[in-house]
Amino acid sequence: MTEQELKDIEARLAAATPGPWGCNDDNEFTIGHLYAPFGEMEVCKVTSGNLADATFIKCAPTDMRRLLDEVKRLRKDNEELQKLVDKFSEANRRLRIAVANQK
(Lines give C-alpha, C1' and ligand atoms only; values in the text may rest on other atoms or scores of the structure.)
Protein backbone atom coordinates (compact mmCIF):
# COMPACT_ATOMS: atom_id res chain seq x y z
CA MET A 1 0.00 0.00 0.00
CA THR A 2 1.41 3.35 -0.98
CA GLU A 3 1.67 6.39 1.24
CA GLN A 4 -0.88 8.12 -1.00
CA GLU A 5 -3.37 5.28 -0.57
CA LEU A 6 -3.01 5.55 3.20
CA LYS A 7 -3.53 9.32 3.02
CA ASP A 8 -6.65 8.82 0.88
CA ILE A 9 -8.11 6.34 3.37
CA GLU A 10 -7.32 8.66 6.24
CA ALA A 11 -8.95 11.58 4.42
CA ARG A 12 -12.13 9.58 3.85
CA LEU A 13 -12.18 8.55 7.49
CA ALA A 14 -11.66 12.16 8.63
CA ALA A 15 -14.48 13.35 6.35
CA ALA A 16 -16.96 10.78 7.69
CA THR A 17 -19.32 11.59 10.53
CA PRO A 18 -17.46 10.94 13.77
CA GLY A 19 -18.52 8.10 16.03
CA PRO A 20 -19.09 6.29 18.06
CA TRP A 21 -21.54 4.66 15.70
CA GLY A 22 -24.28 2.68 17.33
CA CYS A 23 -27.40 0.75 16.53
CA ASN A 24 -30.77 -0.07 18.01
CA ASP A 25 -32.60 -3.37 18.01
CA ASP A 26 -36.31 -3.15 17.32
CA ASN A 27 -37.96 -5.02 14.44
CA GLU A 28 -35.00 -4.24 12.22
CA PHE A 29 -31.37 -4.06 13.19
CA THR A 30 -30.75 -0.42 12.40
CA ILE A 31 -27.14 0.39 11.85
CA GLY A 32 -25.49 3.72 11.38
CA HIS A 33 -27.08 5.78 14.10
CA LEU A 34 -24.33 8.22 14.76
CA TYR A 35 -24.24 9.29 18.35
CA ALA A 36 -22.63 12.65 17.75
CA PRO A 37 -23.05 15.92 19.64
CA PHE A 38 -25.68 17.13 17.14
CA GLY A 39 -27.89 14.08 17.66
CA GLU A 40 -28.61 10.88 15.78
CA MET A 41 -28.51 10.48 12.02
CA GLU A 42 -29.62 7.26 10.40
CA VAL A 43 -27.29 6.11 7.66
CA CYS A 44 -28.88 2.82 6.63
CA LYS A 45 -30.89 -0.14 7.84
CA VAL A 46 -29.81 -3.73 7.80
CA THR A 47 -32.30 -6.47 8.51
CA SER A 48 -31.63 -8.94 11.28
CA GLY A 49 -30.67 -11.47 8.63
CA ASN A 50 -27.57 -9.42 7.85
CA LEU A 51 -26.27 -8.97 11.37
CA ALA A 52 -22.66 -9.57 10.26
CA ASP A 53 -22.95 -6.76 7.69
CA ALA A 54 -24.45 -4.45 10.29
CA THR A 55 -21.68 -5.21 12.76
CA PHE A 56 -19.06 -4.60 10.07
CA ILE A 57 -20.58 -1.21 9.15
CA LYS A 58 -20.99 -0.22 12.78
CA CYS A 59 -17.37 -1.03 13.62
CA ALA A 60 -15.81 0.31 10.40
CA PRO A 61 -14.83 3.82 11.62
CA THR A 62 -13.21 2.54 14.81
CA ASP A 63 -11.57 -0.40 13.04
CA MET A 64 -10.24 1.84 10.27
CA ARG A 65 -8.71 4.27 12.77
CA ARG A 66 -7.04 1.42 14.67
CA LEU A 67 -5.74 -0.16 11.45
CA LEU A 68 -4.37 3.15 10.16
CA ASP A 69 -2.66 3.80 13.48
CA GLU A 70 -1.16 0.30 13.41
CA VAL A 71 0.13 0.73 9.85
CA LYS A 72 1.77 4.01 10.85
CA ARG A 73 3.33 2.41 13.93
CA LEU A 74 4.63 -0.54 11.94
CA ARG A 75 6.06 1.72 9.24
CA LYS A 76 7.84 3.79 11.87
CA ASP A 77 9.22 0.62 13.48
CA ASN A 78 10.31 -0.60 10.05
CA GLU A 79 12.15 2.66 9.37
CA GLU A 80 13.99 2.39 12.69
CA LEU A 81 14.88 -1.24 12.02
CA GLN A 82 16.11 -0.37 8.53
CA LYS A 83 18.41 2.26 10.03
CA LEU A 84 19.85 -0.41 12.33
CA VAL A 85 20.30 -2.81 9.42
CA ASP A 86 22.10 -0.09 7.49
CA LYS A 87 24.40 0.61 10.46
CA PHE A 88 25.19 -3.09 10.92
CA SER A 89 25.78 -3.51 7.20
CA GLU A 90 28.22 -0.62 7.20
CA ALA A 91 29.97 -1.96 10.32
CA ASN A 92 30.17 -5.39 8.67
CA ARG A 93 31.63 -3.87 5.51
CA ARG A 94 34.29 -1.99 7.50
CA LEU A 95 35.13 -5.10 9.52
CA ARG A 96 35.58 -7.17 6.35
CA ILE A 97 37.90 -4.51 4.93
CA ALA A 98 39.89 -4.40 8.18
CA VAL A 99 40.23 -8.21 8.24
CA ALA A 100 41.21 -8.30 4.57
CA ASN A 101 43.87 -5.63 5.19
CA GLN A 102 45.41 -7.69 8.01
CA LYS A 103 46.08 -10.68 5.78
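What percentage of the 103 residues of the protein chain count as buried? The model is a predicted one, and in it 16% of those residues count as buried.

**Fold and surface**

The protein chain holds two helices and three strands. Along the sequence they follow the pattern α-β-β-β-α. Among contacts in the protein chain with a separation of 6 or more, 31% come from residues 24 or more positions apart. The chain has an accessible surface of about 8,100 Å², and carbon and sulfur atoms hold 57% of that area.

**Helix H2**

Helix H2 spans residues 51–102, which is 52 residues. From its first C-alpha to its last it reaches 72 Å, close to the 76 Å expected at 1.5 Å a residue. H2 is bent by about 55 degrees at alanine 60. A proline, proline 61, follows within four residues of that point. Proline 61 is also one of the buried residues of H2, together with Ala54 and Leu68.

**Salt bridges**

Eight salt bridges are found in a search of the whole structure.

| Pair | N to O distance |
|---|---|
| Lysine 72 and glutamate 10 | 2.8 Å |
| Aspartate 69 and arginine 65 | 3.1 Å |
| Arginine 94 and glutamate 90 | 2.9 Å |

Lysine 72 forms its salt bridge with glutamate 10 through N and O atoms that are 2.8 Å apart at their closest. Because lysine 72 lies in helix H2 and glutamate 10 in helix H1 (residues 3–15), this pair ties together parts that are 62 residues apart in sequence. Lysine 72 has a relative accessible area of 42% and is partly exposed.

Aspartate 69 is partly exposed at a relative accessible area of 39%, and arginine 65 is partly exposed at 29%.

Arginine 94 and glutamate 90 are likewise four residues apart in helix H2, and so are separated by about one helical turn. Arginine 94 counts as exposed at 55% relative accessibility, whereas glutamate 90, at 27%, counts as partly exposed. Elsewhere, salt bridges with shared partners join Glu10, Arg65, Asp69 and Lys72 into one network.

Technical notes:
Residues are numbered from 1 along each chain as its sequence is written. This is a predicted model: local features need pLDDT of at least 70, side-chain atom pairs count only at pLDDT 80 or more; totals for chains, interfaces and linings use all residues. Side-chain values use heavy atoms; hydrogens and water are left out. The expected span of a helix is 1.5 Å times one less than its number of residues. The bend at a residue is the angle between axes fitted to the seven residues ending there and the seven starting there. Buried means under 20% relative accessible area, exposed over 50%, partly exposed in between (1.4 Å probe, protein chains only). Contact means heavy atoms within 4.5 Å. Accessible areas come from the Shrake-Rupley method with a 1.4 Å probe; for residues, only the protein chains shown count as cover. A salt bridge is a side-chain nitrogen of Lys or Arg within 4 Å of a carboxyl oxygen of Asp or Glu.
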